[in-house]
Amino acid sequence: MAEVTRADAASRLEVARGLLRRVERPARLDPARVAPSPGDDGRVLPVTAGLARALPAGGLRRGSTVAVGAAPGATSLLFALLAEASASGAWAGVVGRPDLGALAAAEAGIRLDRLALVPDPGRDLVAVVAALVDGLDLVAVAGHERAGVRTADRQRLAARARQRGTVLIALGSWPGADLELTCTRPVWEGLVGGGAGRLRARRAGVRVRGRGIAPGGRETRVLLPGPVGAPESATVDAIPVQERVAAV
Amino acid sequence: MSGADPGEVPVRVLALWSPDWPVTAAARAEGVPSHRPAAVVVANRVLACSATARAHGVRRGLRRREAQARCPDLAVLGRDPERDARLFEPVVVAVEELAPGVEVVRPGLVALPARGPAGFFGGELGAAERLVDQVAARTGVECQVGVADGLFAAVLAARRGVAVEAGATPAFLAPMDVDELDREPEIDRSELVGLLRRLGLRSLGAFGSLDAADVASRFGADAVLAHRLARGLDPRPPVRRCPPEELAVELELDPPVDRVDAAAFAARGLAERLHQVLAGHGLSCTRLGVAATTEQGEELLRIWRCAEPLTPSGTVDRVRWQLDAWLTRGGSGAVVRMRLTPEETVTAGALQLGLWGEVGVADERAGRALVRAQALLGPGGVLTAVLTGGRDPAERVRLVAWGDARGTLDGVSDERAGAMPGEPAPEESRPSDDAGPRAGRAGGGSGPGRAREPGPGAAQPPSPPAGPMRRNARRGTRRTKPVRTARPALLSPPPAWPGRLPAPSPASVLPEPQPAVLLDAAGGPVGLRASDLLATAPERLDTPGGPSGTVVGWAGPWPVQQRWWVPGAVGTARLQVVLDDGVAVLLTAARGRWWLSAVYD
């Protein structure tokens, strides 16, 4: 009788542990996504698998500053950086982009209820970014070049982000950024010619330079955006393997 | 009566109810005479209607057109909760002159403990008569009074204009329909009521005779409350604690505030503080006291009762309504001090911090940061996007100020009503609005690779045949949607918009379309031969200050024919163009030229 009770208790304990494990690690359907294994201490914000391959930490290190180079595809690249973290509950803000396509952001996987938009910060750009850096997990800044943000302000914001563990993403040039991502060789797919078809996906390379990467930089091929709007890693059969992660 | 503690008897409550208050308030504000039938319409559906309109067959949930068809004389009025609350204030004041402890349940309904007035005016019926007379004499508003044990039964009694004997409340409730559980506008119990109905529990008595434990295990927490209501008990067991005084939060307003918007902004911060204090004690508030002191030293106090524990935004709403009422009433000057007192609290159950202290903390931190940004830029400076129905990328996004109600589905309906005043609801629009990408015909021929693109949504009707026949053919095929009943207009997901631009969507949507010049190989402008046919193949795109270059690919044009019922509306066409540097843009043809409306950045 006592034996039965103990076995029963043990199995219940096992069930409870299993439940706890499931709570601790939300189920991921795609095993490929787990592969880059961002740090377990929560200091790295996850990014979509295709980009994670090229980032030195396998994700966005909290407290780092990332510059997204001005090139066709920059906004989609920004969405790709925000999407995975936002889907897992991080708060994001975009400052200085009145033309941001929120619909594309939602399709990329960003949770709109956790995305704050400051379309026109005016002369308060630095103050607004500083306020957001205090509370949000990812803050994207655009138009800082046009607004004439000084070097001292830039360094102050970067330091604040480092202290608060916020990822600061600059659209455009940001001297001193930890990482610089640029979208290269974008090719649209889906147009059949002669007016037929429609835009379905964009195949693009993402070149990463900066701290923790060999001076030449790294490049990965992704779909920005993919057929349903979400960024995807370019499929293996479509892309030659040597082109997929090519050291340049 | 299983599961109820003996001796757990709710207090006697007197409820004073003004029927169809939204209509009464709207008709008064608009100056519609009371004999003329009137209805308040939200999102093209009747939300409330006056008794005259009801006599003509107008019902809640009816479509506006149908209501007008049944009653051509119908005055159609808009909804405005703030106006409702403001106009109700005189009624509350009139009641308050005779009886203390008045609580506003919502505009149109007040509750007060019956014991005091019953003793003073010699019986409950006498008190009820006095109150009805008083309200009618002071404000000209008709109302009904009901007395019963507990608020829920008192409201039902007020709707019927009866006084239920002490102790007879369960018997009064037993024969009533379970639909009565779903009358509160803020709580949607339609699912529970439908389930009970399917289970054969058609009356409150039948539902109440279930065992409380069984109800809790099978139907969930809200059903437990409903079950208590059905048995004539207070919705929550009487373990409410009287909150200690330090839970109240206070705000000095310097300079004094005499404008509603400024007061509302201050109220937001105050409500946040109140909820922080309550959360610190693990409580949430079910009865909120709003007090204000005016420049002339007048003390104003009003108690709001709510069925659900108040959320911060619910608190802000009530404070704003109340201040709106006080300030527009005038006479007592600007407000110098505001005070929120949680009059009754229950243990907070809903919002808990995460098990590892992450979830709630991060949200709170983010909320504070965004409020700081709002303080810098004004409330409209920080926005959040809500997806709504529409066909163009710009149409499908609505920006709301951070902290305002995102209004998920309800907001969609409101938005649609707001975007197209006086127009039929989208589902009434013709299926021809389909302008979805179909294989363009401009290139001529239909080779093997020219299979028709799949439509943007599963709900898309088959594309109509091409050619000038289309217009007439469509007119004949106007779909008649099945008449929907009850409230699906507010609760169903937004309809799939046929003809919307399919994913992927452009990452940059210009706030205002920019003029663009599309040239063909000969250097002449590319025009439209038909709404879905380019005259010549485009070769070069020029936009001042925007993307320019050689066209390497294009798709479309896809005609957009929508809002044809609006005078001055023009049919447009959309064209996707890819340039040699990899930039793709979305062009729109309107008013005889091309416009750059979005960039696939």
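Visitor: Which residues does B:Pro513 touch, not counting residues up to four places away in sequence?
Guide: B:Pro513 touches B:Thr588, B:Trp595, B:Leu596 and B:Ser597. Two residues are in contact if their C-beta atoms, placed from the backbone, lie within 7 Å. Please note that this is a predicted model, in which local features need pLDDT of at least 70, side-chain atom pairs count only at pLDDT 80 or more, and totals for chains, interfaces and linings use all residues. Residues are numbered from 1 along each chain as its sequence is written, while chains are lettered from A and ligands numbered from 1 in the order in which they are written.

Visitor: And where is B:Pro513 placed?
Guide: B:Pro513 is in strand β14 of chain B. Helices (H or I, at least four residues) and strands (E, at least two) are DSSP runs, numbered from the N terminus. The C-alpha atom of B:Pro513 is 7.7 Å from that of B:Ala598, although 85 residues separate the two along the chain.

Visitor: Why does B:Pro513 count as partly exposed?
Guide: B:Pro513 counts as partly exposed because it has 17 C-beta neighbours inside 10 Å. A residue is buried if 20 or more other C-beta atoms, placed from the backbone, lie within 10 Å of its own, exposed if 12 or fewer, and partly exposed in between.

Visitor: What is the order of the eight strands in the open sheet of chain B?
Guide: The order is β7-β1-β6-β5-β10-β9-β11-β8, with mixed pairing. Two strands pair if DSSP finds at least two bridges between them. The edge strands, β7 (144–149) and β8 (249–257) of chain B, each pair on one side only.

Visitor: How do β1 and β6 of chain B run, antiparallel or parallel?
Guide: They run antiparallel, and five bridges join them. B:Leu14, for instance, has B:Leu112 in β6(B) as its bridge partner.

Visitor: Lastly, what is the secondary structure of chain A?
Guide: Chain A has eight helices and twelve strands. Of its 248 residues, 52% are buried.
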